[in-house]
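Here is a walk through one protein model, with an eye on its pocket, its core and its aromatic rings. Keep the structure open beside you as you read.

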Amino acid sequence: MTTRTFGCALVALALGLAAAPADAALFEGYDIDTSISITETGVLADNDIGFGGFSVIGNDAATGTGYTGDTADLSIFISGIIETGAPLSGDLSVDGAGGNVLTGTLVEVETMLDPSGDDMLGLLFGDLGGPAMAEFGWFAAVTLIGEFGDDPFGDTGFSFAIADIEINSAEIPLPLPAALLLTALAGTALVSRRRAA
């Protein structure tokens with residue numbers, strides 16, 4: 001293979017990878033670390049139009065792995081979504097016997113609704129605080145799995161959908177486009193160098 005052919009192949013590979021579609025998933029663009037997690041089954045997820053917000057209430061049975069400190073109770077409240085049409089805002093609070101374990105502020109909401117199976121709601125929290133913040137890092141990715149209807153954050157409301165919840169550490173990885181650009185530039189430099197020689 002000549003240097004020019006190799007350089008062109010690098011450029012084509014970089015462009016092909018940049019154009020390749022990613023699989024649909026919650027929290028696309030974030031690295032999720034499942035070894036750092038808080039989980040609980042049977043939480044109550046409630047979008048009550050009379051209450052005016054979306055809430056998740058644990059039953060004092062949350063468990064955690066990958067960080068120091070105990071976990072007992074969790075709660076999430078998101079406001080500004082029912083009837084008013086205001087922007088989403090919300091808070092994450094996970095408590096243990098000694099007080100706050102992890103807190104956060106809502107950054108992003110994602111949904112994957114499946115008419116024939118379980119729905120998935122994704123809530124990304126930033127501005128983390130509490131003792132577990134050191135292990136969780138910049139973001140906490142909250143995934144709720146249950147049956148939430150066609151519009152979980154709309155104004156129709158649902159009450160007390162039973163769901164499973166998992167909270168994981170999330171980070172923004174180094175951007176793939178930057179790595180691909182460097183590869184393409186290296187290929188172009190090889191081609192240019194070969195032409196100059």
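Strand β9 supplies the largest share of the lining of the second largest pocket, with four residues. This is a predicted model, where local features need pLDDT of at least 70, side-chain atom pairs count only at pLDDT 80 or more, and totals for chains, interfaces and linings use all residues. Residues are numbered from 1 along each chain as its sequence is written, and side-chain values use heavy atoms, with hydrogens and water left out.

**The pocket**

A word on how pockets are found: on a 1 Å grid over the protein atoms alone, a pocket is an open set of points where a 1.4 Å probe fits, with protein on both sides within 12 Å along at least five of seven lines, and lining residues have an atom within 4 Å of a point. The second largest pocket holds about 150 Å³ of space, a volume being the space filled by probe spheres set on the grid points, which are joined across faces, edges and corners. Its lining is made up of L26, F27, I32, M120, T143, I145, D164, I165, E166 and N168. Strands β8 (139-146) and β9 (158-171) are the elements that give two or more residues to this lining.

**The overall build**

The protein has three helices and nine strands, in the order α-β-β-β-β-β-β-β-α-β-β-α from the N terminus on. Helices (H or I, at least four residues) and strands (E, at least two) are DSSP runs, numbered from the N terminus. Of the 197 residues, 37% count as buried; buried means under 20% relative accessible area, exposed over 50%, and partly exposed in between, with a 1.4 Å probe and protein chains only. Among contacts (heavy atoms within 4.5 Å) with a separation of 6 or more, 61% come from residues 24 or more positions apart.

**The core**

A nonpolar core is a set of buried Ala, Val, Leu, Ile, Met, Phe, Trp, Tyr and Cys residues joined through side-chain atoms within 4.5 Å. The largest one has 32 residues, and L102, F136, L144 and I167 have the most contacts inside it. Strand β9 gives the most to this core, five residues. There is also a second, separate core of seven residues, including L26, Y30, F139 and A141.

Take L121, in strand β7 (residues 119-129). Is L121 buried or exposed? L121 counts as buried because its relative accessible area is 0%. Beyond its neighbours within four places in sequence, L121 is in contact with residues including L26, F54, V142, L144 and F148. L121 and V142 sit 21 residues apart in sequence and 8.1 Å apart in space, C-alpha to C-alpha. L144, for its part, has contacts that include V43, F54, L121 and I165.

**Aromatic pairs**

The structure holds four aromatic pairs. Rings of Phe, Tyr and Trp (its six-membered ring) pair if their centres lie within 6.5 Å; planes under 30 degrees apart count as stacked, over 60 as edge-to-face and the rest as tilted. Two of the pairs are set out here.

| Pair | Type | Centre to centre | Angle between planes |
|---|---|---|---|
| F54 and F158 | edge-to-face | 6.1 Å | 75° |
| Y67 and F136 | tilted | 5.8 Å | 55° |

F54 in strand β2 and F158 in strand β9 are 104 residues apart, so this pair links distant parts of the chain. Both F54 and F158 are buried. Ring pairs also link F54, F148 and F158 into a cluster. Y67 counts as buried at 10% relative accessibility, and F136 does at 0%.

**Two positive phi angles**

F27, which also lines the second largest pocket, has a phi near 60°, a positive value in a residue other than glycine. F27 lies in the loop between α1 (3-19) and β1 and is buried, with a relative accessible area of 4%. D127 has a positive phi of about 50° although it is not a glycine. D127 is found in strand β7 and is exposed, with a relative accessible area of 66%.
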